[in-house]
Amino acid sequence: MAVLRSEVKAFIVQALACFDTPSQVVAAVKTEFGIEITRQQCETHDPTKFAGQKLGKTWVDLFHAARKRFREETTDIPIANRAYRLRGLGRLAEKAEIYTDKPGKERGVCYRLLSEFFGVIGSATEVVVDGDAPDIFDAYQAAGIKVSDGKEQEVPETDPLKMKVPELKEWLTAKGIAFDPSAKKEDLQALVPAE
């Protein structure tokens with residue numbers, strides 16, 4: 001049985017606390033850390049299982065804290081009658097990671113505390129770092145994963161047929177096209193000249 005570093009143990013304990021199966025955790029550990037472990041070794045990190053009865057107090061406390069936080073975060077979501085169902089649905093959605101000190105609850109987005117960075121999550125497609133954590137930012141950039149600070153400005157729409165009414169009215173005014181101020185979006189779009 002391989003001796004695991006603390007960061008790997010923490011990863012395993014937290015994943016099991018969030019109702020990941022041992023098989024899923026084994027695959028994640030291989031992907032994230034390049035370490036092969038068995039399902040049986042993984043189960044020794046779950047204090048709710050017989051194999052995990054001798055797990056150290058630090059890891060038991062981490063497990064229960066992570067499970068409590070996971071359950072509390074999912075109770076406000078109607079589909080989460082069972083926490084593991086939400087976790088599974090989250091895997092189907094876009095894999096986004098957000099590192100912050102203010103966790104949120106959007107489905108398909110994994111919120112992690114800035115202090116809980118144990119390495120790059122290879123399955124992430126996009127990462128937002130909300131706070132001062134250049135090491136996290138640099139690690140994801142080095143891995144070739146899109147990373148931002150979450151403060152990027154939204155790019156304004158340039159196609160008048162896709163603009164919202166206030167922007168469309170502004171565009172029409174700038175082009176010198178007269179319109180009825182109470183006109184509906186469809187009527188305003190009809191005034192856009194064909195290109």
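Two aromatic pairs turn up in a search of the whole structure, where rings of Phe, Tyr and Trp (its six-membered ring) pair if their centres lie within 6.5 Å. This is a predicted model, in which local features need pLDDT of at least 70, side-chain atom pairs count only at pLDDT 80 or more, and totals for chains, interfaces and linings use all residues. Residues are numbered from 1 along each chain as its sequence is written, and side-chain values use heavy atoms, with hydrogens and water left out.

**Phe11 and Phe33**
- The ring centres of Phe11 and Phe33 are 5.2 Å apart and the planes are at 80°, so this pair is edge-to-face (planes under 30 degrees apart count as stacked, over 60 as edge-to-face and the rest as tilted).
- Phe11 belongs to helix H1 (residues 6-17) and Phe33 to helix H2 (residues 22-33), 22 residues apart; helices are DSSP runs (H or I, at least four residues), numbered from the N terminus.
- Both Phe11 and Phe33 are buried (under 20% relative accessible area; exposed is over 50%, partly exposed in between, with a 1.4 Å probe and protein chains only).

**Phe19 and Phe70**
- Phe19 and Phe70 form a tilted pair, 5.9 Å centre to centre with 50° between the planes.
- Phe19 lies in the loop between H1 and H2, and Phe70 in helix H4 (residues 57-74), 51 residues apart.
- Phe19 is partly exposed, at 24% relative accessible area, whereas Phe70 is buried, at 9%.

**Helix H2**
- Buried residues in H2 are Pro22, Val25, Val26, Val29, Glu32 and Phe33.
- The buried residues of H2 pack against H1 and helix H3 (39-43), contact meaning heavy atoms within 4.5 Å.
- H2 is followed by Gly34, which has a positive phi near 70°.

Methods:
Helix = DSSP H or I, 4+ residues; strand = E, 2+ residues; numbered from the N terminus.
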